[in-house]
Each structure stands twice: as structure tokens, then as C-alpha cells.
There are 2 protein chains.
Amino acid sequence: MLKSNTDKRSRLIEAAVMLTYRHGFGATSLADIAREADVPLGNIYYYFKTKDEIGEAIVERRLERFRAFTQRLSALSPKERLEAFVQMTIESAPELAKSGCPVGTFCSEIHKGGGPLTEKASHLFAGTLDWMEAQFAGLGKGADSRKLAIHLLSALQGMSVLAHTLRDPGLVATEVEGLKEWLRGL
Amino acid sequence: MLKSNTDKRSRLIEAAVMLTYRHGFGATSLADIAREADVPLGNIYYYFKTKDEIGEAIVERRLERFRAFTQRLSALSPKERLEAFVQMTIESAPELAKSGCPVGTFCSEIHKGGGPLTEKASHLFAGTLDWMEAQFAGLGKGADSRKLAIHLLSALQGMSVLAHTLRDPGLVATEVEGLKEWLRGL
DNA sequence: GTCTATAGGCAGATAGAC
DNA sequence: GTCTATCTGCCTATAGAC
């Protein structure tokens, strides 16, 4: 019973993560999520009281994924970790061109609403920035670390917006090459 | 009769531009636009057959504004024009932190839908890129001009996404400073 | 050209049987 | 815990009087 419980809940979140990434949070209906997860519409409300609660679950799932990803980099040096992070964006260039950055597009959309989800969504960027800052600090960048983290994330976000809007995955490789050179020169 | 006609139509577009910028295109209803423009709801359909047609009008209005802006820079040198462009983002830092880049957030949202508006919205970025490319070409950058244009627009978009999501207008000044230095060094 | 009233559909959310 | 049926409200779009 607990198993099927978490199974369904997890399937719902996974479906919500994917559909929201592809079509946006507002454009994804609970019926869409239920169908994708193969769960009856009304049953969603046993797991989530409101649609916004699903939004919170999406944020948490993405945070978990991010933590899992950075943990896999724990054996590397700070500089190698940062390089691995930007390398990841090259590998996901096709998805970036199709739907943009999963974190950036979600945050942008949610922040236009101004509702209670806004604060929760901010954690996604804040968490990424904190991790990047820690890597730059590990590189000996001291007080500049935060600024460098913002600069790096900003560059990746801009690249994603353009690759998405111009539907050009090749743009990712070009911009990332410049970023890697920038990282090496630090 | 023609006057009041264009008046109303123009008021509707202006209201749509503003509300869509603040809350997103999908989250803005025709009723919202009608109320803001002080036009009865049903009367919208005399000017626009569908909501998507309002989206197209939004794109066109923004393109006009962009052309008007670049025309005001015609007396300057190519480098001064680019500097004026990035300077503009500093002046609009408060709005950027509140609602993001008007062009970037609109394009991001529309591109998730995949509808017929998508192509139209692309013109916004394409037009900006073409203009930037022409300035870099005027600087003697030749074949590198397109890449430089993409890099500049990408940096501005990334900055906007972060300023928006972190609600931090101060971030704009910091990033633009780096961009201005980059421009001077070209 | 302008406006009111409303159709028709789909969204989020709930009730209640099982 | 699960699922069907349904409520309520808002959305886009239309009909039709003026």
C-alpha cells in the first residue's frame, strides 16, 4: 500500500516535470498529468491538494536531481566540477533547443505569476548559485566567487534562451567553448 | 470614425503589451486587456479575430519600438550604438528585475506552445541579432560579426533571467559593466 | 462600428460511492 | 486509498440588437 502510494505519487511528479518542461506549467493541465501518469484525474487530489503543490513537488524533484548530479562530481577538483557542469549543457543541447533550460524557463514563468510558488522556485537558481560559488571559492577566488558564479550561470541562461528561441542546438557548443576557455583562464 | 478606430485598436495593443509583459501571454485574458483598454470585451473581436492575432500585434508593436530606438542612434558610431543598447538595459533595470526582458520572456513562453505565433515571435530576436551583427560588421569584425552578436544578446538575456528570478536590479549594473569593458576591448 | 448577452468548452477542485 | 461523476467558474469566441 505504501509502495503503490509512492509509486503513483512519483509517477505523477515525473509526468508533471516532463510536461511542464515541454509545454510550460500554466499550459499543462491536471488532466494532462493524470493521463501521462496513468492515474485517474480525481485521484491526483489524494496526493496534492492544489496544482501549486504539484509545482512545489516539481521544484523538489529538480533539486534532488541537482544534488545527485553534484554528488557524482565529488571526486573531481572544483575546476573540473565547473567544467563538468558546462559540459552537461552541451550534451543536453537538443533538449535546450527544443524547450529551453528546464530551470530557467520554469522560474521565468512562475515569477510572472507572483503567487506563492515564486519563492519556492527561486530555490532552484539560489541552490545552483551557491554550489557554483563554493566551487569558485575552492578555486581561491574568495570574495569574487559570488560574482563569478552569477556570471557563469548568467552566460548559461542566456545561451539557453537563444538556443531555445532560435531553435539552434549548435549555438550551445559555440557559447560553451567560450565559457570553457574562460574557466581555464581563471 | 477612423480616428476612434485606430485609437481603440492602439489602446488594445498597448494594454496587451503591458499586461502580457507583466503576467505572461497565457495568463492574460482578453477580459483583462479589454478592461485595461476600456473597451467592451466583445468589441475586441472587431479588431482581432483571435487571441493569437493580438499576439502578432504585440510582436509588431515591439518591432516598431525597436526600429524607433535604433533610428535614434543613427548619428552615433557602431560602437557607440552598441554601448547605447546595453546602457538602455541599465536604465530599465527595475522593470527587468520585476518582469524580465520583455522580448526574452515573451519568446520563451510562446516557443513552449509551438503554435503559429512561434515563428512570428522569432522575428524579435532575429531582428535584434541582425542589427547587432550590422554594428559589429561596421566595427570591422567581418565574418565574426554574427558570433559576436549572438554572444552579446546571450549575455543580456542571461542577465535578464537572473535579475528577474532573483529580483535583483543591482545585478544588471554589475553584468553590464563587464559587457561594456568587453565592448571597449573589441 | 459598437456593445450586451451568452454559447460552448475546459480548467481546477470536490463529493461521495466503493 | 481509489475512482467516477460532477460542480463552479473563467476563458475564447460568437450572435445579434442597436
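Modeller: A residue is called buried when its relative accessible area is under 20%, exposed when over 50%, and partly exposed in between, with a 1.4 Å probe and protein chains only. This is a predicted model, in which local features need pLDDT of at least 70 and side-chain atom pairs count only at pLDDT 80 or more, whereas totals for chains, interfaces and linings use all residues. Residues are numbered from 1 along each chain as its sequence is written, chains are lettered from A in the order in which they are written, and side-chain values use heavy atoms, with hydrogens and water left out.

Biologist: Why is Leu153(A) called buried?

Modeller: Leu153(A) has a relative accessible area of 3%, and because buried means under 20%, Leu153(A) counts as buried. Leu153(A) lies in helix α9 (residues 145-165) of chain A, where a helix is a DSSP run of H or I with at least four residues, numbered from the N terminus.

Biologist: What is Leu153(A) in contact with, leaving aside its neighbours within four places in sequence?

Modeller: With contact taken as heavy atoms within 4.5 Å, the partners of Leu153(A) are Phe125(A), Thr128(A), Leu129(A), Met132(A) and, from chain B, Leu162(B).

Biologist: Why is His164(B) called buried, and which residues of chain A is His164(B) in contact with?

Modeller: The relative accessible area of His164(B), a residue of helix α9 of chain B, is 0%, and therefore His164(B) is buried. Its contacts beyond four places in sequence include Ser108(A), His111(A) and Lys112(A) from chain A, and Leu96(B) and Thr105(B) from chain B.

Biologist: How many residues does each chain bring to the contact, and how much area do chain B and chain A bury?

Modeller: Chain B and chain A each bring 33 residues. Buried area being the accessible area (1.4 Å probe) that two parts lose on being put together, summed over both, the two chains bury about 2700 Å², 64% of it on carbon and sulfur atoms. On the side of chain B, Lys112(B), Leu162(B) and Thr165(B) lose the most area to chain A, together 26% of what that side buries. The count of salt bridges between chain B and chain A is zero.

Biologist: How do you know that the copies meet through the same surface?

Modeller: The copies meet through the same surface because 100% of the interface residues of chain B are also interface residues in chain A.

Biologist: What makes Glu133(A) and Arg146(A) a salt bridge?

Modeller: A salt bridge is a side-chain nitrogen of Lys or Arg within 4 Å of a carboxyl oxygen of Asp or Glu, and the N to O distance between Glu133(A) and Arg146(A) is 2.7 Å, so the pair qualifies. The pair links distant parts of the chain, with Glu133(A) in helix α8 (residues 117-138) and Arg146(A) in helix α9 of chain A, 13 residues apart. Glu133(A), at 25% relative accessible area, is partly exposed, and Arg146(A), at 30%, also counts as partly exposed.

Conventions: Helices (H or I, at least four residues) and strands (E, at least two) are DSSP runs, numbered from the N terminus.
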